[in-house]
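Biologist: I'm new to this one. Can you put it up and walk me through it?

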Amino acid sequence: MLKIKVESAEQTQAIAKKMGPLLQARDILLLDGDLGAGKTTFTKGLAEGLGIHRNIKSPTFTIIREYQQGRLPLYHMDVYRLEETGGDDLGLEEYFEGDGVSVVEWSQFVGDEIPADKLIIHLKKDDDNDDVRYLEFEPHGKRYEELVSELKKEGVTKR
């Protein structure tokens, strides 16, 4: 587990940007946090780290946005709207087993579809300061334990 305190959206993006070069095809990142916690902000930094220089928007209404322009494709999913129905018909496994990086917001609504190996990134707002967030990286599986170790080596905990 890696815990980091950030004090701005720019710091959140900078951490995610450092992660981009460390990612591999089939990596699965679950972004867990309340509305406004910084999930899409994190994804913007991640995209930049992958070499994607397009505007990253929350896929709330489209559910999945694909960005093919970087070192690896980025599949950005917001499955909040699937709370009642689940994701059985979306073919999520094709993304998870594909050639890109999958980022899933609100993954609890498609929990049965998510592989056991993944990296959960908890984004929590500070109760007293609206600019402060706490990022907690929770690895599940050897690949993600190694990824978190690499992040530590990259110095993401230093500002």
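Modeller: One term before we start: buried means under 20% relative accessible area, exposed over 50%, and partly exposed in between (1.4 Å probe, protein chains only). This is a predicted model, where local features need pLDDT of at least 70, side-chain atom pairs count only at pLDDT 80 or more, and totals for chains, interfaces and linings use all residues. Residues are numbered from 1 along each chain as its sequence is written, and side-chain values use heavy atoms, with hydrogens and water left out.

Biologist: OK. Is E136 buried or exposed?

Modeller: E136 is buried, at a relative accessible area of 14%. E136 sits in strand β7. Strands (E, at least two residues) and helices (H or I, at least four) are DSSP runs, numbered from the N terminus.

Biologist: What does E136 touch?

Modeller: Leaving out residues up to four places away in sequence, E136 touches M1, L2, K3, I120, I121, H122 and K124. Contact means heavy atoms within 4.5 Å.

Biologist: Switching to helices. Which residues of α1 are buried?

Modeller: T12, I15, A16 and M19. Viewed down the axis of α1, they fall within an arc of 95°, so they line one face of the helix. That arc is taken from the directions from the helix axis to the C-beta atoms.

Biologist: And what do the buried residues of α1 pack against?

Modeller: β1 (2-6), β2 (28-32), α2, β6 (118-125), β7 (133-140) and α4 (142-153).

Biologist: At what angle do the axes of α1 and α2 cross?

Modeller: Roughly 40°, and the axes of α1 (residues 9-19) and α2 (residues 39-49) come within 7 Å. Axes are lines fitted to C-alpha atoms, for helices over the stretch in contact, with angles from 0 to 180 degrees between N-to-C directions.
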